Amino acid sequence: MKKYSVAIIGATGMVGQRFLTLLNEHPWFDVCTLAASGRSAGKTYEQAVAGRWAFDWPIPEKYRNMMVLDASADIDKVVEGADFAFCAVDMPKEETRALEDLYATRELPIVSANSAQRLTPDVPMVVPEINAAHTAVIEQQRKRLGTKFGFVAVKPNCSIQGYVPALTPLREFGISKVSVCTYQAISGAGKTFKTWPEMVDNVIPYIGGEELKSEIEPLKIWGDIVNGQIVPAKAPIISAQCYRVAAADGHMAAVSVQFDKKPPIDEILARWDAFEGIPQQAKLPSAPAKFLTYFAEDNRPQTKLDRELYNGMGVSIGRLREDPLFDYKFTSLSHNTIRGAAGGAVLTAELLAHQGYIVHK
């Protein structure tokens, strides 16, 4: 098949770097344009990330000598060379939203790893296995933006992408209350232990804005489309605490859940085992063969052992047991910069291409 030409807006940050590693040999997508802030513009990519490359492996050869464009000043050049773009900029929310909408109005579809538009009612916030049908609101968004091809789609917050997939197949039993504590790796802050040595042997019981996101974003994912807008679900009530812990990658969640109609444990395990979505059915390139994997061992999942499950796109679950305050409790784990960020956005783009929302120019 003819590959789609892709721009990375915000290519020099940690998520942008992860995009490049994931797309280096992608069967559908070919990165043709790199853009970042004015500080990086005019440099080769290797020069732009000198001293900031976040991974143990080298910069893929393909990108080393690509010139970095100014994401705000070189819009014509970015739009000209791409069928769509991934966006992972480090800007204030209002500026991010304005930049994404500007590109969309220039008829460049945007698949965003940023948080600025997650709660916009006609912007789909997608976990492809869970709410692929929400992309239908793109037609209403295009009417608002006055576009034929351009739109913005986003991926959800990284902290929710372990426990929301685990809860989704159980919604039929009426989830009424959820208490969750997430233990989030430092890469979620765009850091490594080299750049954030204070995190070695440390836990910080606060991540700005993260708890609110963890409580409200699942409701949009579980919502319904009404009159061209996504209306969030009214339940469950979610109480979240979010901690930064001394792990390089991988967000773990300790979850307690209460149901209107309590299911037996065997039924929960069976539903987790069988759960899949369009990515698995369509065999999209980045889709894990199995979305949810349950570990019966008492000491699993573990961050170092299990975050790379299915190339970082699988969700691990373990320790399902009775809860004396709620009905059940369990542990879940996902890779925050792969499934929770760049990888989830790549899978979303594959879904959008599969559905016909992303097309060749």
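These questions and answers go through a sheet and a pocket of a predicted model.

Colleague: Which strands stand at the edges of the open sheet of six strands, each with a single partner strand?

Modeller: The strands of this open sheet follow the order β3-β2-β1-β4-β5-β6, with parallel pairing. Each edge strand has a single partner, so one side of it is left without a neighbour in the sheet. The two edge strands are β3 (68-70) and β6 (152-154).

Colleague: By how many degrees are neighbouring strands of this sheet turned against each other on average?

Modeller: The angle is taken between neighbouring strands, with direction ignored. On average it is 30°.

Colleague: What angle does the direction of helix α5 make with that of β5?

Modeller: Helix α5 (residues 93-105) packs on the sheet and touches β1 (4-9), β4 (84-87), β5 (110-112) and β6. Its direction makes an angle with that of β5 of about 155°.

Colleague: Which element gives the largest share of the lining of the second largest pocket?

Modeller: This pocket has a volume of about 200 Å³. Of its 13 lining residues, the closest to its centre are P285, S286, Y310, N311 and M313. Two elements give two or more residues to the lining, α13 (309-312) and α14 (338-355). The largest share, three residues, comes from α14.

Colleague: How many charged residues does the lining of the second largest pocket have?

Modeller: Sorted by class, the lining has nine nonpolar and four polar residues. The number of charged residues is given as none: there are no charged residues.

Conventions. Residues numbered from 1 in each chain as written. Predicted model: local features only at pLDDT ≥ 70, side-chain atom pairs only at ≥ 80, totals over all residues. Heavy atoms only, no water. Pairing = 2+ DSSP bridges. Helix = DSSP H or I, 4+ residues; strand = E, 2+ residues; numbered from the N terminus. Axes fitted to C-alpha atoms, helices over the stretch in contact; angles between N-to-C directions. Contact = heavy atoms within 4.5 Å. 1 Å grid on protein atoms, 1.4 Å probe; cavity = no way out; pocket = protein on both sides within 12 Å on 5 of 7 lines; lining within 4 Å. Points joined across faces, edges and corners; volume = space filled by probe spheres on them. Nonpolar A, V, L, I, M, F, W, Y, C, P; charged D, E, K, R; others polar.
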